[in-house]
Amino acid sequence: MTIERISTNSRMSKIVKHNGTAYLCGQVAKDRNADIHTQVTGMLEKVDELLETAGSSRDRILSATIYLADMADFKALNEVWDNWVPEGAAPARACVQAQMASPELLVEISVIAATS
């Protein structure tokens, strides 16, 4: 079976496709200095862009792992998330607190989705 790597550098690929599944690299906010709502919104916009590139969409997400710098932002995350996920298409999801690679980052997501 073929493995397709998209936007690959020496460290990682933005997307890896294999056997009808797309694996997206971790996505963070477009504006790293914004509040949690804006960071989550920008992060999910980047997920939408990568899903489109992979031949998928948010209603085909199988699994999402979300990392929060502070679990106090869990409610705010869900306010944005619940409006973003299509009704009836909620993926398997985990959310954990984690130290981010940069101190200004509040959230990161890793996504696995079926391709069309």
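**A walk through the model**

Guide: In helix α2 (residues 74-84), the buried residues are Ala76, Leu77, Asn78, Val80, Trp81 and Trp84. Buried means under 20% relative accessible area, exposed means over 50%, and partly exposed is in between, with a 1.4 Å probe and protein chains only. Helices (H or I, at least four residues) and strands (E, at least two) are DSSP runs, numbered from the N terminus.

Visitor: Before we go on, what kind of model is this?
Guide: This is a predicted model, in which local features need pLDDT of at least 70 and side-chain atom pairs count only at pLDDT 80 or more, while totals for chains, interfaces and linings use all residues. Residues are numbered from 1 along each chain as its sequence is written, and side-chain values use heavy atoms, with hydrogens and water left out.

Visitor: Back to α2. What do its buried residues pack against?
Guide: They pack against α1, β4, β5 and β6. Contact here means heavy atoms within 4.5 Å.

Visitor: How many aromatic pairs are there?
Guide: The search of the whole structure finds 1 aromatic pair. The ring centres of Trp81 and Trp84 are 5.4 Å apart and the planes are at 45°, so the pair is tilted. Rings of Phe, Tyr and Trp (its six-membered ring) pair if their centres lie within 6.5 Å; planes under 30 degrees apart count as stacked, over 60 as edge-to-face and the rest as tilted.

Visitor: Where do those two sit along the helix?
Guide: Trp81 and Trp84 are 3 residues apart in helix α2, so about one helical turn separates them. Trp81 counts as buried because its relative accessibility is 6%, and Trp84 counts as buried at 9%.

Visitor: What lies over the face of Trp81?
Guide: Arg93 does, at 5.2 Å from the ring centre. A charge sits over a ring if NZ of Lys or CZ of Arg is within 6 Å of the ring centre and within 35 degrees of the ring normal.

Visitor: Now the sheet. What order do the strands come in?
Guide: The order is β1-β2-β3-β6-β4-β5, in an open sheet of 6 strands with mixed pairing. Two strands pair if DSSP finds at least two bridges between them. β1 (3-8) and β5 (92-97) are at the edges with a single partner strand each, so one side of each has no neighbour in the sheet. From one strand to the next, the twist averages 10°. Axes are lines fitted to C-alpha atoms, for helices over the stretch in contact, and angles run from 0 to 180 degrees between N-to-C directions.

Visitor: Which helix packs on the sheet?
Guide: Helix α1 (residues 36-54) does, touching β1, β2, β3, β4 (61-68) and β6 (107-114). The direction of α1 makes about 25° with that of β6.

Visitor: New topic. How many salt bridges are there?
Guide: There are 5 in the whole structure. A salt bridge is a side-chain nitrogen of Lys or Arg within 4 Å of a carboxyl oxygen of Asp or Glu.

Visitor: Which residues are linked in a network?
Guide: Lys30, Glu45 and Glu49 are. The closest N and O atoms are 3.3 Å apart for Lys30 and Glu45, and 3.2 Å apart for Glu49 and Lys30. Glu49 is in helix α1 and Lys30 is in the loop between β3 and α1, 19 residues apart.

Visitor: Which salt bridge involves Asp48?
Guide: The side chains of Asp48 and Arg58 meet in a salt bridge, at 2.6 Å from N to O. Asp48 is in helix α1 and Arg58 is in the loop between α1 and β4, 10 residues apart.
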